[in-house]
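I opened the model to look up its aromatic pairs, strands, core and cross-links. My entries follow.

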Amino acid sequence: TGSENADLTACIRKKVTISSPSFIRGNFGYTSEFKVTNNLPYAIAGIWIDYTIKSENRTVPWEEDDFVQSISGGIEPGETRKLSTTFSLLSRETPPTAAVTMTVRDVADPEKKLVIKPAGGVFGWPQEKSSKGCEIK
């Protein structure tokens with residue numbers, strides 16, 4: 001149900017955190033490097049992230065979207081890893097002074113099953129929902 005998903009989402013966001021997202025202009029678009037810390041009792045094999053790219057002096061963001069990323073080697077319980085992504089379709093007018101904010105939408109367990117939403121958009125990942133869940137202790 002909706003409230004169960006909201007509780008699960010709140011728990012996942014508390015247990016899996018994103019920090020220090022950078023926003024760097026490269027030769028083929030913008031790149032962001034960010035750290036993900038896993039405080040769940042199991043490893044995560046993937047992460048689904050919502051992001052916003054915004055400038056301080058603008059009301060409307062340059063982009064609001066999401067992406068799903070498989071994590072080679074996973075992130076073990078208590079571990080922090082640096083990940084990166086590229087925003088190749090971003091408007092050329094986006095200034096390098098813009099900032100990216102990221103929030104966790106979902107994570108995949110070691111079998112690549114999403115914890116919150118089944119069949120969450122990664123081709124080749126299992127369709128069924130993970131039974132791992134999330135508990136705040």
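I looked up Phe23 and Tyr30 first. Phe23 is buried, and Tyr30 is buried too. I use buried for under 20% relative accessible area, exposed for over 50%, and partly exposed for values in between (1.4 Å probe, protein chains only).

Ground rules next. This is a predicted model, so local features need pLDDT of at least 70 and side-chain atom pairs count only at pLDDT 80 or more, while totals for chains, interfaces and linings use all residues. Residues are numbered from 1 along each chain as its sequence is written, and side-chain values use heavy atoms, with hydrogens and water left out.

For ring pairs I took Phe, Tyr and Trp (its six-membered ring) with centres within 6.5 Å; planes under 30 degrees apart are stacked, over 60 edge-to-face, the rest tilted. I get five aromatic pairs by this rule. One of them is Phe23 with Tyr30, stacked, at 4.4 Å centre to centre and 5° between the planes. Both residues belong to one aromatic cluster, formed by Phe23, Tyr30, Phe34, Tyr51, Phe67 and Phe87.

I number helices (H or I, at least four residues) and strands (E, at least two) as DSSP runs from the N terminus. Strand 4 covers residues 44-54. How many of its 11 residues are buried? Nine are, which makes strand 4 mostly covered.

I then checked pairing, which needs at least two DSSP bridges between two strands. Strand 4 pairs with strand 5 (residues 63-75) in the antiparallel sense, over nine bridges. In that pairing Ile47 stands opposite Gln69 of strand 5. Strand 4 also runs antiparallel to strand 7 (residues 99-108), joined by nine bridges. There Trp48 stands opposite Asp106 of strand 7.

**Entry: the core**

I defined a nonpolar core as buried Ala, Val, Leu, Ile, Met, Phe, Trp, Tyr and Cys residues joined through side-chain atoms within 4.5 Å. The largest one has 30 residues. Those with the most contacts inside it are Ile12, Val36, Ile44, Ile47, Phe87, Met102 and Val107. Helix 1 (2-15) supplies at least two core residues, and so does each of strand 1 (16-19), strand 3 (29-38), strand 4, strand 5, strand 6 (80-87) and strand 7. Which element gives the largest share of this core? Strand 4 does, with five residues.

Leaving out residues up to four places away in sequence, Ile47 touches Val16, Val36, Phe67, Val68, Gln69, Ile71, Leu83, Val104, Asp106 and Val107.

**Entry: the disulfide**

I searched for cysteine sulfur pairs within 2.5 Å, the cut-off for a disulfide. The structure holds one. Cys11 is joined to Cys134, S to S 1.9 Å. Cys11 sits in helix 1 and Cys134 in the segment after strand 7, so the link spans distant parts of the chain, 123 residues apart. Why is this disulfide left-handed? The torsion about the S-S bond is about -80°. Cys11 counts as buried because its relative accessibility is 4%. Cys134, at 17%, counts as buried as well.

**Entry: salt bridges**

My criterion for a salt bridge was a side-chain nitrogen of Lys or Arg within 4 Å of a carboxyl oxygen of Asp or Glu. The count comes to five.

Asp50 and Arg13 form one, at 4.0 Å from N to O. Asp50 is in strand 4 and Arg13 in helix 1, 37 residues apart. Asp50 is buried at 18% relative accessibility, whereas Arg13 is partly exposed at 37%.

Asp66 and Arg105 form another, with the closest N and O atoms 3.6 Å apart. Asp66 lies in strand 5 and Arg105 in strand 7, so this pair ties parts 39 residues apart in sequence. Asp66 is partly exposed at 29%, and Arg105 is partly exposed at 30%. These four residues, Arg13, Asp50, Asp66 and Arg105, are linked in a network of salt bridges.

Lys82 bridges to Glu33, with the closest N and O atoms 3.9 Å apart. Lys82 is in strand 6 and Glu33 in strand 3, so parts 49 residues apart in sequence are tied together. Is Lys82 buried or exposed? Lys82 is exposed, at 55% relative accessible area. Glu33 is partly exposed at 36%.

Definitions and conventions:
Contact means heavy atoms within 4.5 Å.
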